[in-house]
Amino acid sequence: MIIDFERISEKEKKILLSIEDGAYFIKHGDNTDRRAKSLMNYTLEGYSMKIPFAWKFSDVNDRRLPYRANSFLWIVDLLTEYWYTEKECFRDRYIEYVFDWIRTHQAIDRNDNWAWHDDATARRTFFFCLTLLLFEKVLSKTQIEILKKSIEMQINLLCKESFYKKKHNHGLYQDRAVAFYGLTFAEEPEYYLLLAKERAKEYFEFAFTGEGVHKEHSPMYHMDMARSV
């Protein structure tokens with residue numbers, strides 16, 4: 001493991017984990033507190049996600065909810081609340097949701113469009129790596145083995161050329177997850193780091209002008225991607 005969270009300061013940890021696109025780690029506030037407490041009641045954006053959860057949203061017309069649920073972007077509210085309050089119940093609920101998702105996704109099923117969406121898989125894999133980094137000491141040996149197996153399965157999918165979202169911002173998030181894995185648990189980190197680097201370089205050269213202006217989609221995307229870089 002290249003990153004040792006126990007040997008770096010809190011300031012360094014938050015710099016390392018901070019993602020400026022606003023999708024990941026955020027400051028604690030009334031909204032994070034409200035959303036985290038809602039998740040303690042097994043509710044995400046008004047939708048019941050009581051465990052065991054099927055991770056299916058056939059009764060939902062809005063694509064945003066199944067995407068957010070399977071990407072695990074919302075899990076940061078529990079992590080933020082745990083860091084702020086130091087109450088273990090938020091950490092435990094975070095871990096509970098991670099293993100419930102793994103329980104229902106033992107194998108890759110590309111017909112499950114949201115569970116194996118290219119961007120959702122990249123974001124989720126990032127958080128699963130983070131779960132193992134932050135909470136390895138509170139996980140059982142069996143849980144660690146289960147989590148590692150799931151991470152490896154998802155990373156192998158992210159590395160496949162047929163799954164990679166080439167010349168697209170989703171591909172950049174896939175690159176980030178692959179690189180993060182390379183920096184943490186990979187037995188051959190050079191392979192993952194080189195793959196992520198080469199893919200990201202191709203994306204940058206395609207998506208940005210020589211002056212550093214992002215060319216894809218709307219001005220909102222321009223701002224988000226510039227901050228992400």
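**Aromatic pairs and buried positions in the predicted model**

A search of the whole structure finds 21 aromatic pairs. Rings of Phe, Tyr and Trp (its six-membered ring) pair if their centres lie within 6.5 Å; planes under 30 degrees apart count as stacked, over 60 as edge-to-face and the rest as tilted. The model is predicted, so local features need pLDDT of at least 70 and side-chain atom pairs count only at pLDDT 80 or more, while totals for chains, interfaces and linings use all residues. Residues are numbered from 1 along each chain as its sequence is written, and side-chain values use heavy atoms, with hydrogens and water left out.

Phe-53 and Phe-57 form an edge-to-face pair. Their centres are 5.5 Å apart, with 65° between the planes. Phe-53 is buried, at 8% relative accessible area. Phe-57 is also buried, at 10%. Buried means under 20% relative accessible area, exposed over 50%, and partly exposed in between (1.4 Å probe, protein chains only).

Trp-55 and Phe-72 are stacked, because their ring centres lie 5.6 Å apart and their planes meet at 15°. This pair links distant parts of the chain, 17 residues apart. Trp-55 belongs to the loop between strand 2 (47-48) and helix 3 (64-71), and Phe-72 to the loop between helix 3 and helix 4. Helices (H or I, at least four residues) and strands (E, at least two) are DSSP runs, numbered from the N terminus. Trp-55 is buried at 1% relative accessibility, and Phe-72 at 0%.

Tyr-42 follows helix 2 and has a positive phi, near 60°. Within helix 2 (residues 30-40), the buried residues are Thr-32, Ala-36 and Leu-39. They lie on the same side of the helix because they cover an arc of only 55° around the axis. The arc is that of the directions from the helix axis to the C-beta atoms. Their cover includes strand 1 (43-44), helix 4 (75-85) and helix 5 (88-104).

Leu-65 lies in helix 3 and is buried, at 7% relative accessibility. Leaving aside neighbours within four places in sequence, Leu-65 is in contact (heavy atoms within 4.5 Å) with Leu-44, Glu-45, Tyr-47, Phe-57 and Val-60. Leu-44 is 21 residues from Leu-65 in sequence and 8.5 Å away in space, C-alpha to C-alpha.

Charges also sit over rings. The charged end of Arg-123 sits over the ring of Tyr-173, 3.6 Å from its centre. Arg-199 lies over the face of Tyr-164, at 4.1 Å from the ring centre. The criterion is NZ of Lys or CZ of Arg within 6 Å of the ring centre and within 35 degrees of the ring normal.
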